[in-house]
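Dear colleague,

I am handing over a structure for you to look through, and my notes on it follow below. Please keep it open while you read.

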Number of protein chains: 2
Amino acid sequence: MPDFQTWASAHQHRFEDVLKTLLPQASLAPQRLHAAMRYSVLDGGKRVRPLLAFAAGELAGAEQQRVDIAAAAVELIHAYSLVHDDMPCMDDDVLRRGKPTCHVEYDEATALLVGDSLQSLAFQLLSEHVLSDNPAGQLQMVKLLAVASGSRGMAGGQAFDLASVGKELTLPELEFMHIHKTGALIRAAILLGAHCGNGLDAAQLAKLDHFGKCVGLAFQVVDDVLDAEADTATLGKTAGKDADNDKPTYVTLLGAAQAKKMAAELHAEAMESLSEFGARAQRLRELADFIVIRKY
Amino acid sequence: MPDFQTWASAHQHRFEDVLKTLLPQASLAPQRLHAAMRYSVLDGGKRVRPLLAFAAGELAGAEQQRVDIAAAAVELIHAYSLVHDDMPCMDDDVLRRGKPTCHVEYDEATALLVGDSLQSLAFQLLSEHVLSDNPAGQLQMVKLLAVASGSRGMAGGQAFDLASVGKELTLPELEFMHIHKTGALIRAAILLGAHCGNGLDAAQLAKLDHFGKCVGLAFQVVDDVLDAEADTATLGKTAGKDADNDKPTYVTLLGAAQAKKMAAELHAEAMESLSEFGARAQRLRELADFIVIRKY
């Protein structure tokens, strides 16, 4: 069995080709929109959500081709949210993954349409490929991603985030925001990967979902610590942005030391929820490690 | 059989209640986002796309409850596109359906998230309700709406539109733009309504699709004529906007008289494609009449 880095790199490389194939070619009209969609999705990011989908798919014995499509759908939703979040009316950020953000490289109207089109494409992918032997089950996968993306999921978390700028939040309020803003899509990635297989019952899916909840929160706590402590060159995006924007973070609320402790506790809880899966869950465990100990 | 106005009013009223039920309540967190979603969808518009879905559903013998969901999904996509199109980085419009546009009534960031969330909700609706006896067929309905909404459909048409400001377009180029920008969703409304029933074969669906293509183009031609000739109070949105923005329209390209002739020809072609359906297509014929002779 290859070590984690080898496994992750191989998937990341293969998945880049998957995305290149699934995104409309830039030669296809409207060319500028398609070029901007490719610019915003390709050649960037750690692909954490796809890796979680791949790991959950391995656990569930799913065909790789199916998980690739599900992972791509999740990644397109993630990429659309970054394009829209970076726009001037939201976070107004100029740098993302070490490159100019979409509205800087192209223009605001194009960035708006890129986000909109990436979201549509995500649902197109989930409906035009066979991802499950059971079409009714595949409809549930569409619903899962739609709920995770919408006003009761990721977009809703973003709205909470906007409303919280300049406010004091309690720890439960901050947690509520992040469970939606980043947690919903991370959980969806894991569940969609698992749904591409067959073997898991409802209780097992609930365990995976709890793993996703803990890992998603840990991911955000670590993000806050990195934003406070790392520099822009390492992050590939503007560091110290949250404090500058007077946004509540785990670091401003708890201090860096307590935030790190919280990440460690979430990590332990995530591991606990995988206990029944044995060796099948090794990649998920390694991903939990990766998310909590990463430096960028 | 009730006359067209009675039929349309009854559906419009019932459908308003359908939308009120399907949209998240404003008391549900995040409240401001949900209030803004309801503001942007409810109490406005002629509901042309839903009426087309209802008429196609009647033709196909579909259950009303199923067509309601399909029509709502299409209308949410339409509503999201209006919210985003009105934003300052796009058309920068302050008035829509006689009310301040979403970003004026709320703010730009909220308008962005409203559009994003309405799109997600559309796909949630198409996947969480049973709309077809055949789940694989329902997945095709999801795909149909996703393609019609995305970069090869509505959003792509919008990108063409942006790229055409200040340019001379040929008639085929203008047509290409509108077939995507407004036509794709009108065709999707008709096909989704029809797919909620069972009785139609591929050739019949193709006839309906051609009807939708003609009606969709006629709709845009009439829109251009109205924008050039009507006043703001009658339209409920800013009149003369296209000419002010130096946007190519059927009126600027053909003149008003030729544009009206073109609308009449498209109307006739639309009617021709319904010939085999007899009395079952009466509502679709009446809608074609309504679209071409409307005054606002």
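Just after helix H8 of chain A, A:Gly166 takes a positive phi of about 80°; helices here are DSSP runs of H or I with at least four residues, numbered from the N terminus. This is a predicted model, in which local features need pLDDT of at least 70 and side-chain atom pairs count only at pLDDT 80 or more, while totals for chains, interfaces and linings use all residues. Residues are numbered from 1 along each chain as its sequence is written, and chains are lettered from A and ligands numbered from 1 in the order in which they are written.

H8(A) itself, residues 154-164, is mostly covered, since 9 of its 11 residues are buried (20 or more other C-beta atoms, placed from the backbone, lie within 10 Å of a residue's own). Among the buried residues are A:Met154, A:Phe160 and A:Leu162, and the buried part of H8(A) packs against H4, H7 and H9 of chain A together with H2 and H6 of chain B.

Between the chains, 42 residues of chain B are in contact with 42 residues of chain A, where contact requires C-beta atoms, placed from the backbone, to lie within 7 Å. H6(B) gives the most to the side of chain B that touches chain A, with 13 residues.

Within chain A, H3 (residues 48-59) and H4 (residues 64-85) pack at an angle of about 155°, with their axes 8 Å apart (axes are lines fitted to C-alpha atoms over the stretch in contact, and angles run from 0 to 180 degrees between N-to-C directions). That makes H3(A) roughly antiparallel to H4(A), a term for angles over 145 degrees.

Best wishes

Note on methods:
Contact = placed C-beta atoms within 7 Å. Helix = DSSP H or I, 4+ residues; strand = E, 2+ residues; numbered from the N terminus. Parallel < 35°, antiparallel > 145°, perpendicular 65-115°, else oblique. Buried ≥ 20, exposed ≤ 12 C-beta atoms within 10 Å, placed from the backbone.
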